Amino acid sequence: MSDIGDWFRSIPFITRTWFAASIAVPFIGKLGLVDITHLILIPEFVFSRFHIWRPVTATLYFPITPNTGFLYLVNLYFLYHYSTRLETGAFDSRPADYIFMLLFNWICIVITGLLMNMRLLMIPLIMSVLYVWAQFNKDTVVSFWFGTRFKAHYLPWVILAFNFIIGGSFVNELTGNLVGHLYFFLMFKYPIDLGGRSFLTTPEFLYRLFPNRRGGVSGFGVPPSRRPAAQEPAGGGGGGRHNWGQGFRLGGE
């Protein structure tokens with residue numbers, strides 16, 4: 001148990017909080033401590049009955065059944081793996097900027113969910129984070145199931161196509177990819193690469209609550225600087241290799 005505790009405490013704070021909540025809320029629903037109908041996103045209840053907690057719980061809740069358990073574990077792995085790499089890489093020592101990215105993506109996903117009557121929002125938010133990681137590490141070679149290898153730039157779309165083939169749906173993945181693209185384009189691509197106006201800026205109150213830290217952990221992709229921050233070490237985005245989904249290979253032993 002001490003090894004599990006040490007591993008859990010080694011997860012960076014923001015990812016650790018999100019990861020723990022994404023375990024706690026589904027198990028609260030699984031154990032029947034709260035009726036799961038109170039955890040999902042129902043637009044009419046949000047607007048007419050002011051169930052303002054639903055956008056939050058719908059992002060953290062996922063039904064755990066024999067049919068959905070594997071998908072839940074895979075997405076929980078995505079959350080841990082790619083959020084950790086963003087928090088300790090491209091957003092290393094800059095928690096306010098990472099929290100702002102999560103908040104922006106979450107708000108966009110909630111609006112989309114309300115408009116499209118989406119009940120669960122866990123997968124879209126996780127996919128949006130994975131998409132942003134892939135943009136920061138687009139030249140990194142990743143391994144997918146069946147031993148296929150390709151650049152990380154294609155990973156979000158490969159996952160979308162794969163889930164569509166095995167599950168017949170891609171709305172969650174597509175929503176997450178589009179929201180992640182919107183964030184990356186508005187925050188970095190348009191103002192820095194294309195010389196356009198800056199539409200997104202991390203609010204000052206987030207910097208006051210979560211000031212930049214000195215002394216990073218690692219560097220998996222370093223973004224263009226939008227605010228003076230602690231010096232970040234060079235990332236692993238230049239043609240490095242990373243095994244995606246290790247332990248979740250389809251058709252493995």
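Student: Over residues 154–171, what share of the chain is helix, what share is strand, and how far apart are the end C-alpha atoms?

Tutor: Note that this is a predicted model. To read a stretch, look at its helix and strand content and at the distance between its ends. Residues 154–171 are 78% helix and 0% strand, with 17 Å between the end C-alpha atoms. For residues 60–80 the figures are 62% helix and 0% strand, and the end C-alpha atoms are 13 Å apart.

Student: Which residues does the UniProt annotation "transmembrane region" cover?

Tutor: According to the unreviewed UniProt entry, the annotation covers residues 18–40, 60–80, 101–134 and 154–171. Such annotations may be inferred rather than shown by experiment.

Student: How many helices and strands are there in the protein, and how do the elements run from the N terminus on?

Tutor: The protein has ten helices and three strands. Reading from the N terminus, the order is α-α-α-α-α-α-α-β-β-α-α-α-β. For contacts between residues at least 6 apart in sequence, 67% join residues at least 24 apart.

Student: How many of the residues are buried, as a percentage?

Tutor: Of the 253 residues in the protein, 48% are buried. The cut-off for buried is under 20% relative accessible area, while exposed means over 50%.

Student: What is Y183 in contact with, leaving aside its neighbours within four places in sequence?

Tutor: The contacts of Y183 are F91, D97, M101, F104, N105, V132, F188 and L200.

Student: How much space lies in the largest pocket, and which residues are closest to its centre?

Tutor: The largest pocket holds about 410 Å³ of space. It is lined by 14 residues, and the closest to its centre are W18, L60, L102, L103 and L125. Helices α2, α4 and α6 each supply at least two lining residues, and α2 has the largest share, with five residues. By class, this lining has twelve nonpolar, two polar and no charged residues.

Student: What is the volume of the second largest pocket, and how do its lining residues divide by class?

Tutor: Its volume is about 320 Å³. The lining has 17 residues, with L71, N163, I166, G167 and E173 nearest the centre. Helices α5, α8 and α9 each supply at least two of the lining residues. The classes are eleven nonpolar, five polar and one charged.

Student: Is N75 buried or exposed?

Tutor: N75 is buried because its relative accessible area is 4%. It lies in helix α5. Apart from neighbours within four places in sequence, N75 contacts I123 and I126.

Student: Where is H38, and what does it touch?

Tutor: H38 is in the loop between α2 and α3 (43–48). Its relative accessibility is 36%, so H38 counts as partly exposed. Not counting residues up to four places away in sequence, H38 touches W53, R54 and T57. The C-alpha atoms of H38 and A58 are 9.1 Å apart, although 20 residues separate the two along the chain.

Student: What is the phi of F50, and what is that of S93?

Tutor: The general idea is that most residues other than glycine have a negative phi. F50 has a positive phi, near 55 degrees, and S93 has a positive phi of about 70 degrees. F50 lies in the loop between α3 and α4, and S93 in the loop between α5 and α6.

Student: Which of these is buried and which is exposed?

Tutor: F50 counts as exposed because its relative accessibility is 60%. S93 has a relative accessibility of 3%, so S93 counts as buried.

Definitions and conventions:
Residues are numbered from 1 along each chain as its sequence is written. This is a predicted model: local features need pLDDT of at least 70, side-chain atom pairs count only at pLDDT 80 or more; totals for chains, interfaces and linings use all residues. Side-chain values use heavy atoms; hydrogens and water are left out. Contact means heavy atoms within 4.5 Å. On a 1 Å grid over the protein atoms alone, a cavity is a set of points where a 1.4 Å probe fits but cannot get out, and a pocket is an open set with protein on both sides within 12 Å along at least five of seven lines; lining residues have an atom within 4 Å of a point. Grid points are joined across faces, edges and corners, and a volume is the space filled by probe spheres set on the points. Helices (H or I, at least four residues) and strands (E, at least two) are DSSP runs, numbered from the N terminus. Ala, Val, Leu, Ile, Met, Phe, Trp, Tyr, Cys and Pro count as nonpolar, Asp, Glu, Lys and Arg as charged, and the others, Gly among them, as polar. Buried means under 20% relative accessible area, exposed over 50%, partly exposed in between (1.4 Å probe, protein chains only).
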